[in-house]
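I opened this file to see how the chain is put together. My notes are below, in the order in which I looked things up.

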Amino acid sequence: MENKKGRLATFIVHVQYRQNATWQGKIVWTEENQTSHFRSALEMLKLIDSAVEQADGEGQTGHCEEVM
């Protein structure tokens, strides 16, 4: 993996299964070393959105450059 990181948040997404026309797996927020499991692509996007909002609320500025 490259050593690139976004300004607000960097995520590692591991899709473990693809069932019912969506993804199930886990996502790691690298800056906070937090891992969450998701049951759908929508839930994964909500986790990312929540993390970016949290990072933005902690005083970091700018936009997310890269989401992995």
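**Entry 1: ground rules.** I am working from a predicted model, in which local features need pLDDT of at least 70 and side-chain atom pairs count only at pLDDT 80 or more, while totals for chains, interfaces and linings use all residues. Residues are numbered from 1 along each chain as its sequence is written, and side-chain values use heavy atoms, with hydrogens and water left out.

**Entry 2: layout.** I looked up the secondary structure and found 1 helix and 3 strands in the protein chain. Helices (H or I, at least four residues) and strands (E, at least two) are DSSP runs, numbered from the N terminus. The order from the N terminus is β-β-β-α.

I then looked up burial, with buried as under 20% relative accessible area, exposed as over 50% and partly exposed in between (1.4 Å probe, protein chains only). Of the 68 residues in the protein chain, 25% are buried. The protein chain exposes about 5000 Å², and carbon and sulfur atoms supply 47% of it; these areas come from the Shrake-Rupley method with a 1.4 Å probe, and for residues only the protein chains shown count as cover.

For contacts I used heavy atoms within 4.5 Å. Among contacts between residues at least 6 apart in sequence, 38% join residues at least 24 apart.

Entry 3: How do β1 and β2 pair? They pair in the antiparallel sense over 8 bridges; I count two strands as paired if DSSP finds at least two bridges between them. I noted V13, whose bridge partner in β2 is I27.

β1 and β2 form a hairpin with 2 residues between them. I checked the loop between β1 and β2, where N20 and A21 are found. N20 has a positive phi of about 50 degrees although it is not a glycine. A21 is not a glycine either, and its phi is positive at about 60 degrees. N20 counts as exposed because its relative accessibility is 76%; A21 is exposed too, with a relative accessible area of 84%.

Next I looked at T22, which is in strand β2. Its relative accessibility is 18%, so T22 counts as buried. Leaving aside neighbours within four places in sequence, I found T22 in contact with Y17, R39, S40 and A41.

Which residues of α1 are buried? They are M44, I48, A51, V52 and A55. These residues lie on the same side of α1, because they cover an arc of only 100 degrees around the axis, taken from the directions from the helix axis to the C-beta atoms. L42, K46, E53 and G57 are exposed on the other side of α1. The cover over the buried residues of α1 includes β1 (11–19), β2 (22–29) and β3 (34–38).

**Entry 4: core.** I looked for nonpolar cores, meaning sets of buried Ala, Val, Leu, Ile, Met, Phe, Trp, Tyr and Cys residues joined through side-chain atoms within 4.5 Å. The largest has 11 residues: L8, A9, F11, I27, W29, F38, M44, I48, A51, V52 and A55. β2 and α1 each supply at least two residues of this core, and the largest share, 5 residues, comes from α1. In soluble globular proteins, nonpolar side chains tend to be buried together.
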